[in-house]
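Take a look at the chain below.

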Amino acid sequence: MAKLYFKYGAMGSSKSAQALITKFNYEELDMKVWLIKPSIDTRDGANIIKSRIGLKQEAEVIYPDMDISSIYKDKENVDVIISDESQFFTPEQIDQLRFIVDNYNIPVLCFGLRTDFLTHMFPGSLRLMELADSITEIKTVCRCGSKATVNARIDGTGKIITEGSQVFLGDNDSYIAMCHRCWKKTIAEQNK
């Protein structure tokens, strides 16, 4: 039986690298992978998935108004679907991925963030937490050595930002993975 997988982690936990390595592993077995990503992620190019270590691949861009299950019907011989930045899919699109798993027996592996810079769940991630058969945390560490769970958004001076829109595309210069304790402590020190 195919499953819907959600593999999540904080910024810098190698989610994109693992998605691309997983794609390579399937292709090495002569299996066809449909690699997809949400349209909102344009950091490395609209149709590019790129990891911090330099791995990159072209992916099909999925816009919020697109029905993933309808697009899948036009694909030929797809053995697995892999998505990066899955937190940016709409809840309806997560339902469509679930539909593909249930009705076509195709595994779907979704990689992405669980929460935003204020520790609030992304709508796509929430739906994945509700529907996924397998939920795996990809771990990374805070500068103190504890497990990082917070995607702290920072400004140009390294100060933690605590206001703003949920989505702000940035990289290592805009976010730091931190444990919750360090995040709260740093915010408190900044506000003195």
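Predicted model: local features only at pLDDT ≥ 70, side-chain atom pairs only at ≥ 80, totals over all residues.

Residues are numbered from 1 along each chain as its sequence is written, and side-chain values use heavy atoms, with hydrogens and water left out.

The protein has 5 helices and 10 strands. These are DSSP runs, numbered from the N terminus: helices are H or I with at least four residues, strands E with at least two. The C-alpha trace spans about 60 × 30 × 30 Å along its principal axes.

Of the 192 residues, 47% are buried, meaning under 20% relative accessible area with a 1.4 Å probe, protein chains only. Contacts are heavy atoms within 4.5 Å. Among contacts with a separation of 6 or more, 74% join residues 24 or more positions apart.

Now turn to strand β1, residues 4–8. Side chains in a regular strand alternate between the two faces of the sheet. In β1, Leu4, Phe6 and Tyr8 form the covered face. Tyr5 and Lys7 lie on the uncovered one.

Which strands pair with β1? Pairing requires at least two DSSP bridges between two strands. Strand β7 (residues 108–112) runs parallel to β1, joined by 5 bridges. There, Leu4 has Val108 as its bridge partner. Strand β8 (residues 134–137) also pairs with β1 in the parallel sense, over 4 bridges. Here Lys7 stands opposite Thr136.

Note on methods
Buried < 20%, exposed > 50% of the residue type's maximum accessible area, 1.4 Å probe, protein only.
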